[in-house]
Amino acid sequence: MNLAEICDNAKKGREYALLGNYDSSMVYYQGVIQQIQRHCQSVRDPALKSKWQQVRQELLEEYEQVKSIVNTLESFKVDRSTDIPVSYQDEPFRDPSVWPPPVPAEHRAPPQIKRPNREVKPLRRESPGLQRGPVGRAQPISKNEKPASSREREAKAKGKDEKNVSLAQLLRPMFKG
């Protein structure tokens with residue numbers, strides 16, 4: 001039996017306990033305690049034997065503390081079969097005040113929006129005789145016409161709004177039921 005091996009195993013047991021690897025720590029503690037027990041049987045000097053028994057007792061107390069930590073950690077683990085109903089075991093906990101994660105983009109259906117084709121051709125700045133018409137195309141101005149003032153344009157827009165509102169009011173009773 002090597003005394004350096006006893007010291008090394010005690011050191012490893014303590015290191016593993018400090019690192020949180022309690023299972024390995026307990027194995028080393030058990031091994032070193034058994035090694036010291038065997039060594040004490042071979043020692044003939046009573047003073048030396050009592051010192052080794054004192055070291056063994058201190059290591060045994062450390063082992064019990066590690067064992068207590070393992071038992072405490074085990075008590076935090078939940079036995080799923082007794083505490084949680086079967087229907088909730090497979091589903092993760094869902095907080096009703098938290099939105100679910102978004103659906104990945106590749107699984108979404110593309111939006112079905114039909115937009116009218118509105119291609120606006122650019123106007124040339126060199127043509128002073130052209131004016132933008134209602135469709136967005138350039139139209140020539142006749143000599144008798146003058147460009148519409150801002151008040152005239154507002155009046156036309158107001159008339160369009162009134163037509164749209166009255167159309168909406170007409171359609172509203174049809175969709176209410």
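What share of the 177 residues of the protein chain count as buried? The figure is 12%, where buried means under 20% relative accessible area with a 1.4 Å probe, protein chains only. This is a predicted model, in which local features need pLDDT of at least 70 and side-chain atom pairs count only at pLDDT 80 or more, while totals for chains, interfaces and linings use all residues. Residues are numbered from 1 along each chain as its sequence is written, and side-chain values use heavy atoms, leaving out hydrogens and water.

**Secondary structure**
- The protein chain has six helices and two strands, taken as DSSP runs (helices H or I, at least four residues; strands E, at least two) numbered from the N terminus.
- From the N terminus on, the order of elements is α-α-α-α-α-β-β-α.

**Nonpolar core**
- The largest nonpolar core holds 14 residues; such a core is a set of buried Ala, Val, Leu, Ile, Met, Phe, Trp, Tyr and Cys residues joined through side-chain atoms within 4.5 Å.
- Helix 1 (3–19), helix 2 (22–42) and helix 3 (46–76) each give two or more residues to this core, and the largest share, six residues, comes from helix 2.
- V32, I36 and L59 have the most contacts inside the core.
- Beyond its neighbours within four places in sequence, V32 is in contact (heavy atoms within 4.5 Å) with I6, N9, A10 and L59.

**Helix 1 and helix 3**
- The crossing of helix 1 and helix 3 is left-handed, that is, the near helix is turned anticlockwise from the far one by less than a right angle.
- L3, I6, A10, R14 and A17 of helix 1 meet W52, L59, E62 and V66 of helix 3 in this contact.

How values were computed: Buried < 20%, exposed > 50% of the residue type's maximum accessible area, 1.4 Å probe, protein only.
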